[in-house]
Amino acid sequence: MSAKAISEQTGKEFLYKYICTSAAVQNRFRYANVTTETDFDRLAQDHPWLLTERLVVKPDQLIKRRGKLGLVGVNLDLKGVREWLKTHLMRETMVGKAKGILKNFLIEPFVAHKQEEEFYVCIYATREGDYVLFHHEGGVDVGDVDAKASKLLVGVDEKLTEDAVRKQLLTHVAADKRAVLASFIVGLFNLYEDLYFTYLEINPLVVTKDGVYVLDMAAKIDATADYLCKAKWGDVEFPPPFGREAYPEEAYIADLDAKSGASLKLTLLNPRGRIWTMVAGGGASVVYSDTICDLGGVDELANYGEYSGAPSEQQTYDYAKTILSLMTREKHPEGKVLIIGGSIANFTNVAATFKGIVRAIRDYQGPIKEHEITIFVRRGGPNYQEGLRVMGEVGKTTGIPIHVFGTETHMTAIVGMALGHRPIPKEPPVAAHTANFLLNSSASSSTPASSRTASFSENKAGTGASAAKKAKSGAPPVKASTLFSKQTKSIVWGMQTRAVQGMLDFDYTCSRDEPSVSAMVYPFTGDHKQKFYWGHKEILLPVYKNMGDAMKKHPEVDVLISFASLRSAFDSTMETMQYPQIHTIAIIAEGIPEAQTRKIIKRADEKGITIIGPATVGGIKPGCFKIGNTGGMLDNILASKLYRPGSVAYVSRSGGMSNELNNIISRTTDGVYEGVAIGGDRYPGSIYTDHVLRYQDTPGVEMIVMLGEIGGTEEYTICQGIKSGRITKPVVSWCIGTCATMFSSEVSVMCSGKRLGWRGSGYGIVYDDLVGKGVIVPAMEVPPPTVPMDYSWARELGLIRKPASFMTSICDERGQELIYAGMPITEVFKSEMGLGGTLGLLWFQRRLPSYASKFIEMCLMVTADHGPAVSGAHNTIVCARAGKDLISSLTSGLLTIGDRFGGALDAAAKQFSKAFDSGMLPMEFVNKMKKEGNLIMGIGHRVKSINNPDMRVQILKDFVKKNFPSTQLLDYAMDVEKITTAKKPNLILNVDGFIGVAFVDLLRNCGGFTRDEADEFVEIGALNGIFVLGRSMGFIGHYLDQKRLKQGLYRHPWDDISYVLPEHMSM
């Protein structure tokens, strides 16, 4: 639910800051918060009025009727407040059925007033608009305000006026107070709209000669509007309901949820309970909680929550380890059970999410055994067979009792097993592998389209679809009764290539003549073509930057499937409804603010457009059309026989549960005719009644299924339709959410009409009755055509293998966290290994000793630059002054590095190592190189000499001698230097040579490498990399310096060039 309660203090802060009214609002920001940690001396300093005024103190913890419960201290001084708090602060209190601790209080000025100066005002949201309730008698004894109060409905997109308030709400108010109240109520309503409140109640609202006083206030805001109201809301805290503590684990999961595109929810009900759940999907989580309560487990139910929306392996690992951590804190005398359940997923890779859960189980296998936890698993969806296999395997290898079931088992059956109400099958039926569904068992690779154009079951009433009725002149357009057909064409908003390919595969399986997707709209790229598959053939679909072009070029389109984000869904949907060709829009996004959704609904009603969603997976009409990811992947489409129409139509809120309905209906009847998931938001674009009445008027539908929910009134409307005779077809309804009373929520109980069945048991009974009466005549199954499996999915399932194009052993970015040579990036920073340590991981695949990391960093520092005259810097400068970019200029400089400039590290290391390893004396080495006419790499400097030493070398030598465990090769090189400098003073061991030989000592003696590994790193050029990386810093510095100095194009001066032409040319 997006509407979340806020504290009274937060609500009043919003009101005092942002209300715009001519009424004089008194006591603005005069409130003080008290907890167990409050320092009253400091509190009095911050709020001096506490020492001078009479006060009121009350708990601020979402408690209703505090005055009736004796939880308000009235007309006290500060000393009296402190005395009153001594008997109330941290006191356990019963409020209704909830027991909790009073620990957060609000102190405000006491307002002396008369009874006749108290009023009641409330604003709350409904589908059709916002109701303003007003009663001229407020206070603790206001009674049943719904019956007493005057009501004024402000329709969606309408404005509230003072004149309307005076005429419809203030008729019983004294004349001298009407103007003040009218201005305040209009200002309050505007505040309510601007800050996306969904409920705002003030009781009492006191009006005296001095102005308006807001005494008690209760409010809820639409939490999904955070991105719109962040500037005004700030960081809002949503306190838990009274009687339920705010646990840090809940905050942790909420934080994971906020950082993820998936949905992760956790509510702790009874941390000492023995029944724990880890359920995939919002609707499924309600169903499992219902079943646990139905079977007597309400007092032992420990938690409520869900993970859905394709969370990553790391996210499910974090979620699962949180659950297991909570489970294993206290033992239970009967042991504990963990129910890992879910319906059949539409697009979540079950195996990927289960891998995260399996990791958590392995990490907690000791505590799990110690606490005698038994795990029951039931899941379906993409790659679920692999997920179940992995889950079963971890049970065998760890010895943890894990019972695994797939789609062959009813989703709630594992609850009965876990609670001991039904036996656990020793060998549960094994569902076919995903790949088996994709292979046509018939001899023909295709099926004639004519064999599957009509309904799968032959109806006596015929199969023609009813056309949309024409609206009377002046009346709003009547919505189409048939949303989808075999000729339906759609536009998909958003670059959702996987969903589109799923739609095309469904179309091909249904033997459609053409794809159901005509085009895609994606504002973030230019117009282009996107490649997809139509069966075996590759096709191109156009992608447009704007909606207008797509509509103009594809007039046959009448359906929009919007994958726009919650931030852009409203604008894109309102734009789409400008085009009269559109009659159905599916909005997939979850988290659209309710106020925006209501505006969409109003505009759709005016235009005669059917909205499916928001917060939905969509809908499906077997044999004709499917929205996005509805129905899951192709294996589930085929398993649930969604490629051809049946006789049963359903409507559900939950997308995941709609796929479960596909499975149940296909197993107990001749299949689905049409199914729609209207979405989980409070105000779905279309409601149960809209679709049930459509199904009633559709000849191909012989039976209607409705998955209802506690808390609404739509079920009553359906019952009235049955009683009145408007609905005559059999209705089987399952109402979920019967466990809601334990969550301290006000709910309405589902009525039971003569045609309402319970749960899944009614499907087969009603269907068999219809078959027995001859209303439905089951037809012969016709196999669908073969659809090739995508390469990526076949590889995911392990059906094929292919040599990788690349191999890497230093870095892995695929998981939740970047990994360097096996070390997560968080550990890299925690260990403070620095740049040298990071380079050690990426270059040498080792965590080097700290002295080695420091040496690498020193090498980078001393090689960073050597002035603008060297060839590499010179080239970089010339390129920069020629107007080239940073990369080009840097590359120009780097290309000069070689044996003559900067590339001597590797050569020096190789020459000195070879001589040292062969046992050659330094003098023998020098003489040999001279005799062969070869230079000794790393010896010699243009400027520096034995008399003018290179301080870079001296700094490095001091560090190496002090920290390296052995310097044999360096000592050898220093002996060579003594010989060479005796001949010429500038033949010193230069910085390249020093780094080269010192690095060999490091690799050979640090203890992290074998001799062969150390030699290999020298051979493959790792040491030259030090110079390249270090000098790149200097080259970039020169580039930036030239740009900053705004130097022009470089031209070498003539007088610095010797023009040596051929002799005959000069004559």
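Predicted model: local features only at pLDDT ≥ 70, side-chain atom pairs only at ≥ 80, totals over all residues.

**A look inside the model**

Mentor: Two stretches call for care. Residues 432–470 have a pLDDT below 50, even though the model gives this stretch 89 contacts beyond near neighbours in sequence. Residues 744–760 also fall below 50, with 47 contacts beyond near neighbours in sequence.

The largest nonpolar core holds 60 residues, and Phe 844, Phe 855, Phe 912 and Phe 999 have the most contacts inside it. Helix 35, which runs over residues 991–1005, gives the most to this core, with nine residues. Setting aside its neighbours within four places in sequence, Phe 999 is in contact with Phe 844, Phe 855, Ile 856, Leu 1023 and Ile 1026. So two of the partners on that list, Phe 844 and Phe 855, are also among the core residues with the most contacts, because the core is joined through side-chain atoms within 4.5 Å. There's a second, separate core too, with 50 residues, including Ala 23, Leu 160, Met 217 and Val 236.

Next, step over to helix 34, residues 968–983, where you'll find Thr 981. Thr 981 has a relative accessible area of 15%, and it counts as buried because the cut-off is under 20%. Leaving out residues up to four places away in sequence, Thr 981 touches Ile 946, Leu 987 and Ile 988.

What about the cysteines? A disulfide is a covalent bond between the sulfur atoms of two cysteines. With a cut-off of 2.5 Å between sulfurs, the count here comes to zero disulfides. Take Cys 229, which is in no disulfide: the nearest cysteine sulfur, that of Cys 20, is 17 Å away. Cys 229 is buried, at 4% relative accessible area. Cys 879 counts as buried as well, with 17% relative accessibility, because that is under 20%.

One last stop, taken from the record: an unreviewed UniProt entry annotates residues 483–592 as "domain: CoA-binding". In the model, the chain over residues 483–592 is 25% helix and 29% strand, with its end C-alpha atoms 24 Å apart.

Notes:
Residues numbered from 1 in each chain as written. Heavy atoms only, no water. Helix = DSSP H or I, 4+ residues; strand = E, 2+ residues; numbered from the N terminus. Buried < 20%, exposed > 50% of the residue type's maximum accessible area, 1.4 Å probe, protein only. Contact = heavy atoms within 4.5 Å. UniProt positions renumbered as here; feature names shortened; annotations may be inferred. pLDDT = per-residue confidence, 0-100.
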